[in-house]
Amino acid sequence: MMNFKKILDQLNIPAQCRKYETPLWQCPQTLFLLMGVLIIGTVTTTYSVGRVFFEDPEMIALIVLLLTAVLFTIAFVITSSFERLAEANRMKSEFVKIVSHQLRSPITNLSWGIDALMSGELGSIREGQVEYLRILKENSGRMKELVEDLLNVLRIEEGSLHFGKEKISLEEIIKNLILKFQPFAKASNVKIKFKSTPSLPEVFTDLHQIKNVMENLLDNAIRYIKGKGEIEIYLRKKENEIFFEIKDNGVGIPKEDQKYIFQKFFRAKNIKRSEIKGSGLGLFITKSIIERLGGKIWFESKENKGTTFWFTLPIK
């Protein structure tokens, strides 16, 4: 009875796909079903062809049986391998999810503690201690960003990243972000210029996610400029879309690395050499969000000359 139930569970393809947290078309059970259909088609064709070339029905039956056995063995081996990969991937995602959630609370508490100490409410701080607290605050901020990025990647892969819609002004968001990033830009000796065409329409999109996209692109542009530099941001309307452009004169992306730039955890060779901090998740998240919002993203880059990213968003 138990074995029969297990067989029925295995045949429930949507339930098995949910178990592995994979889309239907990437599920091992879907693959097995497709291979089964392919095997039936191949066996039927072999039987039809065999009747033309062989007169002995036993010979035809033997060929068909042998072919069926070989194909089913191959299908079983391939599906089992995919199943093990899917299970390993599910366990990895579960591990990252648990660790990220467990780290988020201590990091938040750490940030609150540092803020309280730096505010002076818990007692006076000596001048030499301020620098140590600033370093602690910067590192706790980076850990918090990494945890949020990991959770966002998991949500994207599970298809559970929330998207709302409201009317927003991209122009106002950019101006506020420039103000927010001004201390970082000033400390990095980078100037930020912003131009937009007059009377741009508001966009019907997700405020939080589009801010996340722009923050990622602006943060990267500042971070990857070595020495003195300049960032230019343009915003304009093109037919039924808003066209965003951000151009920097930073280190650029080597040509051989450009095809990997939107992959998870990828960091270009020149960035690794420069020891510029980052997780390699920002552009993966950015591309996923823009595509979910109905837009497109692309870039051009030359090493040691700079990089320009563009993205479009539908107005409605």
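The largest cavity here has a volume of about 40 Å³. A cavity is a set of points on a 1 Å grid over the protein atoms alone, where a 1.4 Å probe fits but cannot get out. The volume is the space filled by probe spheres set on the points, with grid points joined across faces, edges and corners.

A word on the model. It is predicted, so local features need pLDDT of at least 70 and side-chain atom pairs 80 or more, while totals for chains, interfaces and linings use all residues. Residues are numbered from 1 along each chain as its sequence is written, and side-chain values use heavy atoms, without hydrogens or water.

Which residues line the largest cavity? I174, L177, M214, L218, I233 and F244, lining residues having an atom within 4 Å of a point. Helices α6 (170–187) and α7 (207–223) each give two or more residues to that lining. Helices are DSSP runs of H or I, at least four residues; strands are runs of E, at least two.

Now the strands. F244 stands opposite F311 in β7. Strands β5 (241–248) and β7 (306–314) run antiparallel, joined by 8 bridges. Pairing takes at least two DSSP bridges. The open sheet has 5 strands, in the order β2-β4-β5-β7-β6, with mixed pairing. At the edges stand β2 (190–196) and β6 (296–302); each has a single partner strand, so one side of each lacks a neighbour in the sheet.

Last, helix α3. Its buried residues (under 20% relative accessible area, 1.4 Å probe, protein chains only) include M35, I39 and V43.

Technical notes. 1 Å grid on protein atoms, 1.4 Å probe; cavity = no way out; pocket = protein on both sides within 12 Å on 5 of 7 lines; lining within 4 Å. Buried < 20%, exposed > 50% of the residue type's maximum accessible area, 1.4 Å probe, protein only.
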